[in-house]
Amino acid sequence: MMQHQLSIEARSRPEILERVLRVVRHRGFRVCALNMAPQTNPECINIQLTVASLRPVDLLSSQLSKLMDVACVEIQQLTSQQIRA
């Protein structure tokens, strides 16, 4: 499986994390790591997400960017590490 790292900037809403995780699951990706932190603007958060899948990460990135309250989705890193479950 390929491992991908995404950086997501979004408005700080109680439901935003649930929406992001639902899209990740529906698109067939597995969450490997998740880190969420506030930005200097208290109304915004930054989500660092590491996911794994055989599918192209562009499919996930484009769907995440369509979510309400998501301002930006960037693919940070692509590695071809094998993940052992």
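The following legends describe close-up views of a predicted model. In this predicted model, local features need pLDDT of at least 70 and side-chain atom pairs count only at pLDDT 80 or more, while totals for chains, interfaces and linings use all residues. Residues are numbered from 1 along each chain as its sequence is written, and side-chain values use heavy atoms, with hydrogens and water left out.

**View 1. Strand E3 pairs with strands E1 and E2.**
Helices (H or I, at least four residues) and strands (E, at least two) are DSSP runs, numbered from the N terminus. Two strands are said to pair if DSSP finds at least two bridges between them. Strand E1 (residues 2–11) runs antiparallel to E3 and is joined to E3 by ten bridges. Within this pairing, Ala-10 stands opposite Ile-45 of E3. Strand E2 (residues 30–38) is also antiparallel to E3, with eight bridges between E2 and E3. Here Ala-33 is found opposite Thr-50 of E3. Five residues lie between E2 and E3, and the two strands form a hairpin.

**View 2. Strand E3 is mostly covered.**
A residue is buried when its relative accessible area is under 20%, exposed when it is over 50%, and partly exposed in between (1.4 Å probe, protein chains only). Strand E3 spans residues 44–53, and seven of its ten residues are buried. Leu-54 belongs to the loop between E3 and H2. With a relative accessible area of 73%, Leu-54 is exposed. The C-alpha atoms of Leu-54 and Gln-3 are separated by 8.7 Å, although these residues are 51 apart along the chain.

**View 3. Helix H2 has four buried residues: Val-57, Leu-60, Ser-61 and Leu-64.**
Helix H2 comprises residues 57–65.

**View 4. Salt bridges join Arg-11, Glu-15, Arg-19 and Asp-69 into one network.**
Side chains of opposite charge can pair when their charged atoms come close. A salt bridge is a side-chain nitrogen of Lys or Arg within 4 Å of a carboxyl oxygen of Asp or Glu. A search of the whole structure finds three salt bridges. In one of them, Arg-11 meets Asp-69, with the closest N and O atoms 3.7 Å apart. This pair links distant parts of the chain, 58 residues apart: Arg-11 is in strand E1, and Asp-69 is in the loop between H2 and strand E4 (70–79). Arg-11 is partly exposed, at 38% relative accessible area, whereas Asp-69 is buried, at 13%. Arg-19 also forms a salt bridge with Asp-69, the closest N and O atoms being 3.6 Å apart. The side chains of Arg-19 and Glu-15 form a salt bridge with an N to O distance of 3.8 Å. Glu-15 is partly exposed, with 28% relative accessibility.

**View 5. Leu-21, Val-31 and Leu-34 make a nonpolar surface patch.**
The patch has an area of about 200 Å². Patches are made of residues with over 30% relative accessible area and no salt bridge; like charges are joined within 9 Å, and nonpolar side chains (Val, Leu, Ile, Met, Phe, Trp, Tyr) within 5 Å. Accessible areas come from the Shrake-Rupley method with a 1.4 Å probe, and for residues only the protein chains shown count as cover. Leu-21 is located in helix H1. At 32% relative accessibility, Leu-21 is partly exposed.
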